[in-house]
Amino acid sequence: MTQPIFMVGARGAGKTTVGSALAKTLGYKFVDTDQHLLRTSGLSVADIVDREGWEGFRRRETEALKAVCSPLTVVATGGGAVLAQENRDFMREAGTVIYLRSPASTLANRLEDAPQEDQRPTLTGRPITEEMMQVLNEREALYQEAAHHVVDGTQDPAQVVDSVMDALALPMAR
Ligand SMILES: Nc1ncnc2c1ncn2[C@@H]1O[C@H](COP(=O)(O)OP(=O)(O)O)[C@@H](O)[C@H]1O
Ligand SMILES: O=C(O)C1=C[C@@H](OP(=O)(O)O)[C@@H](O)[C@H](O)C1
Ligand SMILES: [Mg+2]
């Protein structure tokens with residue numbers, strides 16, 4: 001299998017952390033769409049949202065997703081990449097999509113420990129636990145729709161990598 005592997009899930013799900021470790025395990029390249037945007041434009045997510053609003057960021061994110069897609073690559077997407085039907089269809093057709101799933105409380109704890117404000121300007125203006133509950137309510141069905149495999153993301157990163165490797169060995173779940 002040489003097709004790219006796309007990591008999807010909410011903020012704090014571990015897409016960047018687990019995706020990078022997974023790439024090492026597989027001997028694949030690793031790319032992150034937000035890091036690609038920073039590298040190619042010099043702008044962080046917060047910079048782009050300040051200048052162009054979320055609409056501008058989402059447009060750039062769709063372009064980034066296509067630009068980084070190549071064989072033998074693990075792609076960490078941003079948490080909102082699944083919002084566009086175009087992105088969900090693109091990922092499902094171009095490769096294998098893994099949803100790293102964790103409850104809102106786990107996500108909120110991780111984000112409180114490492115807020116990375118340049119990377120994660122507020123989505124709702126609400127406190128972080130409420131924000132993550134709202135985000136999962138709005139997006140859970142989209143993560144599920146995009147994913148070929150849903151993987152429990154609550155364990156430590158090395159264990160999550162093992163679970164993804166197990167899932168990749170299975171026939172496409174959906
Ligand atoms: N499986 C995990 N267990 C514990 N902490 C994790 C795990 N995955 C990620 N983290 C931590 O959570 C924070 C967000 O991880 P990150 O990989 O940036 O998530 P995402 O890219 O999905 O937003 C980081 O501080 C990271 O170290
Ligand atoms: O959930 C979201 O809408 C977003 C998640 C972020 O990526 P991570 O999921 O890697 O934090 C980043 O793309 C941007 O702040 C929007
Ligand atoms: Mg990330």
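In this predicted model, strand E4, residues 96-101, has five of its six residues buried, so the rest of the structure largely encloses this strand. Burial is counted here as 20 or more other C-beta atoms within 10 Å of a residue's own.

**Partners of strand E4**

- Strand E1, residues 5-8, runs parallel to E4, and four bridges join the two.
- Within this pairing, Phe6 has Val97 of E4 as its bridge partner.
- E4 also pairs with strand E5, residues 149-152, in the parallel sense and over four bridges.
- Here Leu100 is placed opposite Val151 of E5.

**The sheet as a whole**

- Five strands make up an open sheet in the order E2-E3-E1-E4-E5, and their pairing is parallel.
- E2 (29-32) and E5 are the edge strands; each has a single partner strand, so one side of each lacks a neighbour in the sheet.
- On average, neighbouring strands of this sheet are turned by 25 degrees against each other, with direction ignored.
- E1 pairs with strand E3, residues 73-76, through three bridges in the parallel sense.
- Phe6 stands opposite Val75 in E3, while in E4 the bridge partner of Phe6 is Val97.
- As a general point, strands of a sheet pair through backbone hydrogen bonds, in either a parallel or an antiparallel manner.

**Surroundings of ligand 1**

- Ligand 1 is surrounded by 17 residues, of which Gly14, Lys15, Thr16, Thr17 and Ala114 are the closest.
- Two helices, H1 (15-26) and H7 (157-169), each contribute at least two residues to the shell around ligand 1.
- The most is given by H1, which supplies four residues of that shell.
- By class, the shell around ligand 1 comprises six nonpolar, seven polar and four charged residues.

**Surroundings of ligand 2**

- The residues surrounding ligand 2 are Arg11, Lys15, Thr16, Asp34, Val45, Gly78, Gly79, Gly80, Gln119, Arg120 and Leu123.
- The shell around ligand 2 contains two nonpolar, five polar and four charged residues.
- Lys15 and Thr16 are among the residues around ligand 2 and also among the closest to ligand 1.

Key: Residues are numbered from 1 along each chain as its sequence is written. Chains are lettered from A and ligands numbered from 1 in the order in which they are written. This is a predicted model: local features need pLDDT of at least 70, side-chain atom pairs count only at pLDDT 80 or more; totals for chains, interfaces and linings use all residues. A residue is near a molecule or strand if its C-beta atom, placed from the backbone, lies within 6 Å of it. Ala, Val, Leu, Ile, Met, Phe, Trp, Tyr, Cys and Pro count as nonpolar, Asp, Glu, Lys and Arg as charged, and the others, Gly among them, as polar. A residue is buried if 20 or more other C-beta atoms lie within 10 Å of its own, exposed if 12 or fewer, and partly exposed in between; C-beta atoms are placed from the backbone. Two strands pair if DSSP finds at least two bridges between them. Axes are lines fitted to C-alpha atoms, for helices over the stretch in contact, and angles run from 0 to 180 degrees between N-to-C directions.
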